[in-house]
Each structure stands twice: as C-alpha cells, then as structure tokens.
Amino acid sequence: MLNQEYPKFEKGSFEGIEISLSEPNVKINLRGKKKEFFTKIGKILSIILPIEPNTSSSNQQYNTLWLSPDEWLVYFNGEDRQLFNNLFNEISKLNFGSVVDVSNQWICINIKGNKTFDLLSSGSPFNYESFKKTKNSVTQTLLNHTDVIIHHKEINEINLFVRRSFSEDLWLWIKDSARFI
Amino acid sequence: MFLINCPYCGERDQSEFSCGGEAHIIRPKQPTELSDDQWAEYLFMRKNIKGVQFERWNHAHGCRKWFNMVRDTKNDKIHAVYKMGEKPPVE
C-alpha cells in the first residue's frame, strides 16, 4: 500500500543556508493544448498559465510552474483536494486535457539564504547566473544526478521539488554539501 | 561536455539530454510487404557518420521533449537544432 506519510526531515540551518521540508502541499500536474483547457484553468484557478519557458505565475493561493509547452505544475499549501476534483471533472472527464494529482509523487524542500545558489551550483550542470536574478523563474534540471524542479520563489529562496523516492538521498546530500559551502 | 540549445528551454548542459539516434528515418507504409532483410534494414541499420549527422535528441531531465539536431560527430559542433516536424535547415 502507498505510504502517504511525508518523510521526517529535520530542519537544517547552516551558514547562509536554511533548509526545511515544505509540506503538506497539493501538487497537480496539468497537460493540455486545447483552447477549452486554458479557459477552464483560468476560470477555476483565476490564473493565467505561464506560456513563456522557464517562468511561473502565482496568485495569493496558487503557484503554477511551466514544465514544457503543454505541461504545468500547480502547487499550493494545504491538503485540500477539492481543487483537484474540480479540475478533474471539468478538464480530464471532458477530454480537454489531463489532470493528475502528484502530491504524493513529489516532495517540496524549501531552501533559503544568500548561499542557496552556491549550494545548487555545486551539484548541478545548470547555469544559475541569470536564474538567481529573476524572481519567479523555474527550471527542471539535475541536482546530484537527481531530477528536480526548482521554483525561484523569492530572491535567495527556492522551492525544490524532488521525487519522493529520491528525496531522502537528496536531503542528505543537501545537508552534507551545505556544511562545505 | 558541450551545451545544447533546447528549442523549448534554451541552452543546457549535454548531461540533461539523451541521444535518440539517427533522425528522419521514414517508417515503411506497408511493413507486411517487406522482406525480412528490408525490415531489418529499417529497424536496425543506422549510419554512423564521422562528420555531420542528423540526430534525434530528448531533453530527458528538462522539458522531456524530442527535437532534431545537426551535429558534427568529429568535434561535437552543433550546426542546427529544430523541432520535430520541422524541415532540416541544412542539407
């Protein structure tokens, strides 16, 4: 049976870096190209999905991240699954696109501090130079050979999404690396 | 190590991509009419050029989209990158 408990990560505080688990979060994967898909999303979320690569859009409640030209990740704090049900009934059931609840598939780790990007650069092939200057930018890349989605939420603060099965390994790597930055 | 300009995400390190082999191989319209040799030719036989080659690539650790690339296998110089379905920009 699926283990729905979140991993128990203790907060880590290092010089210039703070790491914490940012859960529970609801995460919903959206895929679609049809006009009706965008209309329904706009109505339900009151947000326009970002169509520019590597960007995100947010309102007071929801964050939407660009993943590819026809794929987005929506996430928000809490455990309310009502939004998923609305999206599923209005989009998936009517074949306008695909809505998948990936809340248990991804773990959100919050990293903040002025050495955040030094930490990321130490284990990633991605060039963070322009990324770190642009608030609300998004990237999917590798961190310590693990697939991650990084949302640059505020300056020097990111939300990092990692697959649940890799989360413990990456968490340990982050804590270990943070000691040497 | 070299940089690849993903047509969707922009410039990324090669380690984020995986190569899907030769591009522009057309599937036979009537596979049942082919001999075993012709079918094997379509399925398995690929060019392995030392020089400019047309390849399919996948941004496996990014947007997960497939695209085409014209790459010189001698020095990994990338001549062009274009989306699936688009015509090759160079012959």
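# Exercises on a two-chain model

Read along the sequence, chain B runs β-β-β-α-β-β-β. Keep in mind that this is a predicted model. Let's work through it together.

## Exercise 1: Sketching chain B

Task: Work out how many helices and strands chain B has, and how far its C-alpha trace spans.

Solution: 
- Step 1. Go through the pattern β-β-β-α-β-β-β and sort its symbols. The tally for chain B is 1 helix and 6 strands.
- Step 2. Turn to the extent. Along the principal axes, the C-alpha trace of chain B covers about 45 × 25 × 25 Å.
- Step 3. Look at burial. A residue counts as buried if 20 or more other C-beta atoms lie within 10 Å of its own.
- Step 4. Look at contacts. Taking those in chain B between residues at least 6 apart in sequence, 47% join residues at least 24 apart.

## Exercise 2: Is chain A compact or extended?

Task: Describe the make-up of chain A, then judge its radius of gyration against the globule rule.

Solution: 
- Step 1. Count the elements: chain A has 4 helices and 11 strands.
- Step 2. In chain A, 32% of the 181 residues count as buried. Of its contacts with a separation of 6 or more, 60% are between residues 24 or more positions apart.

## Exercise 3: The partners of strand 3

Task: Find which strands of chain A pair with strand 3 (residues 25-31), and in which sense.

Solution: 
- Step 1. Start with strand 6 (residues 71-77), which pairs with strand 3 in the antiparallel sense over 7 bridges. Within this pairing, Ile28(A) has Val74(A) as its bridge partner.
- Step 2. Go on to strand 7 (residues 98-101), joined to strand 3 by 4 bridges and also antiparallel. Here Asn29(A) is bridged to Val100(A).

## Exercise 4: Where the chains touch

Task: Describe the side of chain A that touches chain B.

Solution: 
- Step 1. Count the residues: 11 come from chain A and 12 from chain B.
- Step 2. Find the strands. Strand 5 (63-68) and strand 9 (138-143) of chain A each supply at least two residues of this side. Strand 9 gives the largest share, 3 residues.
- Step 3. Sort by class: the chain A side has 6 nonpolar, 4 polar and 1 charged residues.

Note on methods: Residues numbered from 1 in each chain as written. Chains lettered and ligands numbered in written order. Predicted model: local features only at pLDDT ≥ 70, side-chain atom pairs only at ≥ 80, totals over all residues. Pairing = 2+ DSSP bridges. Contact = placed C-beta atoms within 7 Å. Nonpolar A, V, L, I, M, F, W, Y, C, P; charged D, E, K, R; others polar. Rg over C-alpha atoms; globule rule 2.2 N^0.38 Å. Buried ≥ 20, exposed ≤ 12 C-beta atoms within 10 Å, placed from the backbone.
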